[in-house]
Amino acid sequence: MPLTGGSIMARISLTPRRTLGYRAVSWICRRRFGADIEPLAAASHNTRVLLTTSRMEQSVAKWNTADAGLKTLAVMATAARVDCSWCMDFGYWESFRHGMDLRKLRDVPGWRESTVYTPAERDVMEYAEAMTSTPPTVDDALFDRLRRHLDEPRLVELTAIIAVENLRARMNSALGITSQGFKDRCDIAGPDPAAAAGASGPAGP
């Protein structure tokens, strides 16, 4: 299914000069995601920024110490806090492809009122929001609760992925990059969340 929408009101052109670096990144993105990735198109105006961003994302993708589901919720909660619709859109689609519970993805913006999350997931999302506040509002009580679920290597990775998502989301927000239409694929292809709720309970640690 082709993507719809896109950042028509972006503050920077999303059709940069087709340099060798941009053509390579565009080819990889179209092959992997079925479309150009608009934040990378924006970064392509500056070759060094593009290369650094691409290498960082390739490295981050290899982090595998912390639970993937917890990291997903941390990233989505961060994006919701910053109000980065592109990150929410892409994160929803990417997590759907990897089998994440759609109820949990849909409920992220109002996670405090939702009943689908485990205590660990709720603490992780609270941590993501506290880290993303300006200034950060992480306190000892919250960190001590996280220690009940995660050892230090996992805590470091979780903290780092929240920091990375802040970089992504704040850059997208400043450049006016908005939803690209990835989530539409999930809404058409995905299962009914109500039916899924009857089949299984909350997942996660």
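**Entry 1: Leu 142**

I looked up Leu 142 and found that it counts as buried, because its relative accessibility is 3%; buried means under 20% relative accessible area, exposed over 50%, and partly exposed in between, with a 1.4 Å probe and protein chains only. The model is a predicted one, in which local features need pLDDT of at least 70 and side-chain atom pairs count only at pLDDT 80 or more, while totals for chains, interfaces and linings use all residues. Residues are numbered from 1 along each chain as its sequence is written, and side-chain values use heavy atoms, with hydrogens and water left out.

I placed Leu 142 in helix H8, residues 140-147. Helices (H or I, at least four residues) and strands (E, at least two) are DSSP runs, numbered from the N terminus. Leaving aside residues up to four places away in sequence, I noted that Leu 142 touches Asp 123, Glu 126, Tyr 127 and Ala 130; contact means heavy atoms within 4.5 Å. Ala 130 is twelve residues from Leu 142 along the chain, and their C-alpha atoms are separated by 9.2 Å.

I then turned to Pro 135, which sits in the loop between helix H7 (119-132) and H8. A cis peptide bond joins Thr 134 to Pro 135, with omega about -5 degrees.

**Entry 2: the whole chain**

I recorded eleven helices and zero strands in the chain. Of its 205 residues, 44% count as buried. Among contacts with a separation of 6 or more, 72% are between residues 24 or more positions apart.

**Entry 3: helix H1**

H1 covers residues 20-33, 14 residues in total, and reaches 20 Å from its first C-alpha to its last, close to the 20 Å expected. The expected span is 1.5 Å times one less than the number of residues. Which residues of H1 are buried? I listed Tyr 22, Val 25, Ser 26, Cys 29 and Phe 33. They lie on the same side of H1 because they cover an arc of only 100 degrees around the axis, the arc being that of the directions from the helix axis to the C-beta atoms. An α-helix has 3.6 residues a turn, so residues three or four places apart point the same way. On the other side of H1, I found Leu 20, Trp 27 and Arg 31 exposed. Gly 34 follows H1 and has a positive phi, near 80 degrees.

I found Asp 83 in the loop between H4 and H5. Its phi is near 65 degrees, a positive value in a residue other than glycine. Asp 83 is exposed, with a relative accessible area of 64%.

In H5, ten of the 13 residues are buried, including Trp 86, Phe 90 and Glu 94. The end C-alpha atoms of H5 are 18 Å apart, in agreement with the 18 Å that its 13 residues should span. Gly 99 follows H5, and its phi is positive, near 85 degrees.

**Entry 4: the largest pocket**

I noted that the largest pocket has a lining of 45 residues, of which Glu 57, Ala 61, Phe 90, Glu 94 and Arg 168 lie nearest its centre. On a 1 Å grid over the protein atoms alone, a pocket is an open set of points where a 1.4 Å probe fits, with protein on both sides within 12 Å along at least five of seven lines; lining residues have an atom within 4 Å of a point. H3 gives the most to this lining, with ten residues.
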